[in-house]
Amino acid sequence: MPQDKDELLQVLITKYAQMYMKLAYAIGVPYDDVEDIVMASFWSCYKGGYLEKMTEPEIKKVLVRIVYNKCMDYHRKAAPTDIAAIEDLSLIHISEPTR
């Protein structure tokens, strides 16, 4: 087990970053943004002091929750632009094919 929280963070990133990236991608985050969300999640865990208070299995559970919440935040922030795009598409008239 690493001696300090900096070493522990590095070990956790090395061991689990791919797993959390797959989770974020499965939740629907675009591939280009997955790594940013996962690294922000690790940083939040580090800043929150969880590395000092918990065991590795507990930290993994907390990180799953942090990644999930960051993905939901990502979708909330993206929603207004997506709604605008859908509203623009509703203005397009699509005619029925003639028989």
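1. Arg 76 counts as exposed because its relative accessibility is 56%, and in this predicted model its side chain meets that of Asp 73 in a salt bridge, with 2.6 Å from N to O. Asp 73 is partly exposed, since its relative accessible area is 33%. Arg 76 and Asp 73 are 3 residues apart in helix α4, so about one helical turn separates them. As a general point, an α-helix has 3.6 residues a turn, so residues three or four places apart point the same way.

2. How many salt bridges does the count come to? The count comes to 3. One of them joins the side chains of Glu 52 and Lys 5, at 3.2 Å from N to O. Glu 52 lies in helix α3 and Lys 5 in helix α1 (residues 5-27), so this pair ties together parts of the chain that are 47 residues apart in sequence. With a relative accessibility of 55%, Glu 52 counts as exposed, whereas Lys 5, at 27%, counts as partly exposed.

3. The side chains of Glu 56 and Lys 15 also meet in a salt bridge, at 2.8 Å from N to O. This pair, too, links distant parts of the chain, given that Glu 56 is in helix α4 and Lys 15 in helix α1, 41 residues apart. Is Glu 56 buried or exposed? Glu 56 is buried, because its relative accessible area is 14% and the cut-off for that class is under 20%.

4. Of the 99 residues in the chain, 27% are buried. The accessible surface comes to about 7300 Å², and carbon and sulfur atoms account for 57% of that surface. Among the contacts between residues at least 6 apart in sequence, 64% join residues that are at least 24 apart.

5. Helix α2 has 17 residues, and the distance from its first C-alpha to its last is 25 Å, close to the 24 Å expected at 1.5 Å a residue. Its buried residues are Val 34, Ile 37, Val 38, Ser 41, Phe 42, Cys 45 and Tyr 46. After α2 comes Gly 49, whose phi is positive, near 80 degrees.

6. Ser 41 deserves a separate remark. This residue is found in helix α2, which covers residues 31-47, and it counts as buried because its relative accessibility is 0%. Which residues does Ser 41 touch, if those up to four places away in sequence are not counted? Its contacts are Leu 63, Ile 66, Val 67 and Lys 70.

7. Met 54 is found in the loop between α3 (50-53) and α4 (56-90). At 26% relative accessibility, Met 54 counts as partly exposed. When residues up to four places away in sequence are left out, Met 54 touches Ile 59 and Val 62.

8. On the cysteines, a search of the whole structure finds 0 disulfides. Cys 45 counts as buried at 2% relative accessibility, and Cys 71 counts as buried at 0%.

9. A search of the whole structure finds 3 aromatic pairs. In one of these, the rings of Tyr 25 and Tyr 31 have centres 6.4 Å apart and planes at 85 degrees, so the pair is edge-to-face. Tyr 25 and Tyr 31 are both exposed. Trp 43 and Tyr 46 form an aromatic pair that is stacked, with 5.3 Å from centre to centre and 20 degrees between the planes. Trp 43 and Tyr 46 both lie in helix α2, 3 residues apart, which is about one turn of the helix. Trp 43 is partly exposed, with a relative accessible area of 46%, whereas Tyr 46 is buried, with a relative accessible area of 15%.

Key. Residues numbered from 1 in each chain as written. Predicted model: local features only at pLDDT ≥ 70, side-chain atom pairs only at ≥ 80, totals over all residues. Heavy atoms only, no water. Helix = DSSP H or I, 4+ residues; strand = E, 2+ residues; numbered from the N terminus. Buried < 20%, exposed > 50% of the residue type's maximum accessible area, 1.4 Å probe, protein only. Contact = heavy atoms within 4.5 Å. Areas by Shrake-Rupley, 256 points an atom, 1.4 Å probe, with all protein chains shown as cover. Expected span 1.5 Å × (residues − 1). Disulfide = S-S within 2.5 Å. Salt bridge = Lys/Arg side-chain N within 4 Å of Asp/Glu carboxyl O. Phe/Tyr/Trp six-rings, centres within 6.5 Å; stacked < 30°, edge-to-face > 60°.
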